Amino acid sequence: MTSAAPKKARRGSAIPFVVGLLAAALVGLLVYGVVHGGENTTLDDAVKAGKLPQAPGATVKRPLLDGSGQKSLADYRGQVVVLNFWASWCQPCKAEAPVLQRAQSALTAAHSGTVLGATYEDTVDDSQGFERERRISYPSVRDIGTDLAARYGTNKLPETFVLDRQGRVVAISRGQISQAFLDQALAKAQRAGAAS
């Protein structure tokens, strides 16, 4: 009988220890969440509210994937721009590439804008192979360090931001785009640019 009492005492003291350990882990996760933040929806919230926020990082220069220099969004001021973050390893990026290429053809024919790709954590060789295989004619920049992507809250692929001629974000797609989305977004960008 005497041996049972100490076992109960040990079990009883283990429960508060485990509860304390779990509480400490929960606090650690909460602190991590606050420090690293959740999804950045500032841009999305503004667009949903009908505002036209200026595109973040418009003057950030990035090297062109083809090695012919550097470009920033500011270099395309006066044009409609479809900014698309992509990578060769991203399956939805492969699926949406024809939609973006059709948009590039239409924008070029109308002399009204461009699609601008921004590679995300991808090698130059893989990115260039992706473009060759899909016959991509629009320019892409290499977002080294994903600094540009971070300004858009981009951490998943693909993500697309449609800008009007004044460099304002008029539409956002967090995920694979459809032809219907892009057609509506481009029409909105044309209207917004004409109204200003």
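Modeller: Let's start with a term: a residue is buried when its relative accessible area is under 20%. This is a predicted model, and in helix α4 (residues 124-134) the buried residues are Ser127, Gly129, Phe130 and Glu131.

Colleague: What covers the buried residues of α4?

Modeller: The cover includes β3, α3 (91-109), β4 (113-119) and β5 (140-142).

Colleague: What makes you say that the charged end of arginine 134 sits over the ring of phenylalanine 130?

Modeller: One part of the test is a distance: CZ of Arg must be within 6 Å of the ring centre. The charged end of arginine 134 is 4.5 Å from the centre of the phenylalanine 130 ring, and it sits over that ring. Lysine 71 does likewise with tyrosine 76, its charged end being 5.5 Å from the ring centre.

Colleague: Now to the aromatic pairs. Why is the pair of phenylalanine 85 and tyrosine 152 called tilted?

Modeller: There are 4 aromatic pairs in the structure. In this one the centres are 5.7 Å apart and the planes make an angle of 55°. Centres within 6.5 Å count as a pair, and planes under 30 degrees apart would be stacked, over 60 edge-to-face, so an angle between those limits is tilted.

Colleague: And why is the pair of phenylalanine 85 and phenylalanine 161 edge-to-face?

Modeller: Here the planes stand at 85°, with the centres 6.0 Å apart, so the pair is edge-to-face. The cut-off for that name is over 60 degrees.

Colleague: How do you know that phenylalanine 85 is buried?

Modeller: Its relative accessible area is 0%, and the limit is under 20%, so phenylalanine 85 is buried. Phenylalanine 161 also has a value of 0% and is buried. Tyrosine 152 is buried too.

Colleague: Which parts of the chain does the pair of phenylalanine 85 and tyrosine 152 tie together?

Modeller: Phenylalanine 85 belongs to strand β3 (residues 80-86), while tyrosine 152 is in the loop between α5 (147-151) and β6 (159-163), so parts 67 residues apart in sequence are tied together. With phenylalanine 161 in strand β6, phenylalanine 85 makes a link across 76 residues. Ring pairs join Phe85, Tyr152 and Phe161 into a cluster.

Colleague: Which residues touch the most other members of the largest nonpolar core?

Modeller: That core has 47 residues, and Phe85, Tyr152, Val162 and Leu182 touch the most other members. Elements giving two or more residues to the core include α2 (42-48), β7 (169-174) and α6 (179-195). In soluble globular proteins, nonpolar side chains tend to be buried together.

Key:
Residues are numbered from 1 along each chain as its sequence is written. This is a predicted model: local features need pLDDT of at least 70, side-chain atom pairs count only at pLDDT 80 or more; totals for chains, interfaces and linings use all residues. Side-chain values use heavy atoms; hydrogens and water are left out. Helices (H or I, at least four residues) and strands (E, at least two) are DSSP runs, numbered from the N terminus. Buried means under 20% relative accessible area, exposed over 50%, partly exposed in between (1.4 Å probe, protein chains only). A charge sits over a ring if NZ of Lys or CZ of Arg is within 6 Å of the ring centre and within 35 degrees of the ring normal. Contact means heavy atoms within 4.5 Å. A nonpolar core is a set of buried Ala, Val, Leu, Ile, Met, Phe, Trp, Tyr and Cys residues joined through side-chain atoms within 4.5 Å.
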